[in-house]
Amino acid sequence: MSTDISTGSTESAAKAAELPTAPCSVVWSGGHSYVREGVSGARWAGVDDRGRARFLTDADLHRQGWSHRRS
């Protein structure tokens, strides 16, 4: 029984860690919003603290952390 529970948690944790893939999806990282641009070779577009454009890859967002909601 405990094996099923831990497997379910692992699957839900993995699902929660997946970035959205639909164009125009929004995620938050470091207090800034990022919008997914494009389908093939997609990137995340946002701005830094000074309002300059900033573009991130999926790997960049996984490295620095992200969420679906503003923190």
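Residue V35 stands opposite A45 in strand β3. The model is predicted: local features need pLDDT of at least 70, side-chain atom pairs count only at pLDDT 80 or more, and totals for chains, interfaces and linings use all residues. Residues are numbered from 1 along each chain as its sequence is written, and side-chain values use heavy atoms, with hydrogens and water left out. The chain holds 2 helices and 4 strands, in the order α-β-β-β-β-α from the N terminus on. Helices (H or I, at least four residues) and strands (E, at least two) are DSSP runs, numbered from the N terminus.

**Overall composition**

- Of the 71 residues of the chain, 23% count as buried; buried means under 20% relative accessible area, exposed over 50%, and partly exposed in between (1.4 Å probe, protein chains only).
- Among contacts between residues at least 6 apart in sequence, 31% join residues at least 24 apart, where contact means heavy atoms within 4.5 Å.

**The sheet**

- The 4 strands form an open sheet in the order β1-β2-β3-β4, with antiparallel pairing; two strands pair if DSSP finds at least two bridges between them.
- The edge strands are β1 (26-29) and β4 (53-56), each of which pairs on one side only.
- From one strand to the next, the twist averages 35 degrees; axes are lines fitted to C-alpha atoms, for helices over the stretch in contact, and angles run from 0 to 180 degrees between N-to-C directions.

- Strands β1 and β2 run antiparallel and are joined by 4 bridges.
- V27 has Y34 in β2 as its bridge partner, and S29 has H32 in β2 as its bridge partner.
- The hairpin of β1 and β2 has 2 residues between the strands, and G30 in the turn has a positive phi of about 60 degrees.
- On the other pairing, 3 bridges join β2 to the antiparallel strand β3 (residues 43-47).
- The hairpin of β2 and β3 has 5 residues between the strands, and G38 takes a positive phi near 80 degrees there.

**The two faces of β2 and residue H32**

- H32 lies in strand β2 (residues 32-37) and counts as buried because its relative accessibility is 18%.
- Leaving aside neighbours within four places in sequence, H32 is in contact with V27, V47, D48 and D49.
- A polar atom of the H32 side chain lies 3.4 Å from the backbone oxygen of V47.

**The nonpolar core**

- The largest nonpolar core has 7 residues, namely L19, V27, Y34, W44, L56, L61 and W66.
- A nonpolar core is a set of buried Ala, Val, Leu, Ile, Met, Phe, Trp, Tyr and Cys residues joined through side-chain atoms within 4.5 Å.
- In soluble globular proteins, nonpolar side chains tend to be buried together.
- Leaving aside neighbours within four places in sequence, L61 is in contact with L19, V27, S29, Y34, W44, L56 and W66.

**Salt bridges**

- The structure holds 4 salt bridges, a salt bridge being a side-chain nitrogen of Lys or Arg within 4 Å of a carboxyl oxygen of Asp or Glu.
- One of them joins E37 and R43, whose closest N and O atoms are 3.1 Å apart.
- E37 is partly exposed, with a relative accessible area of 34%, and R43 is also partly exposed, with a relative accessible area of 36%.
- Another salt bridge joins R52 and D48, with the closest N and O atoms 2.8 Å apart.
- R52 is partly exposed, with a relative accessible area of 48%, whereas D48 is buried, with a relative accessible area of 18%.
- The side chains of R63 and D60 also meet in a salt bridge, at 2.5 Å from N to O.
- R63 and D60 both lie in helix α2 (residues 58-64), 3 residues apart, which is about one turn of the helix.
- R63 is exposed, with a relative accessible area of 63%.

Notes
Polar contact = N/O pair within 3.5 Å; in protein donor to acceptor, adjacent residues only side chain to side chain.
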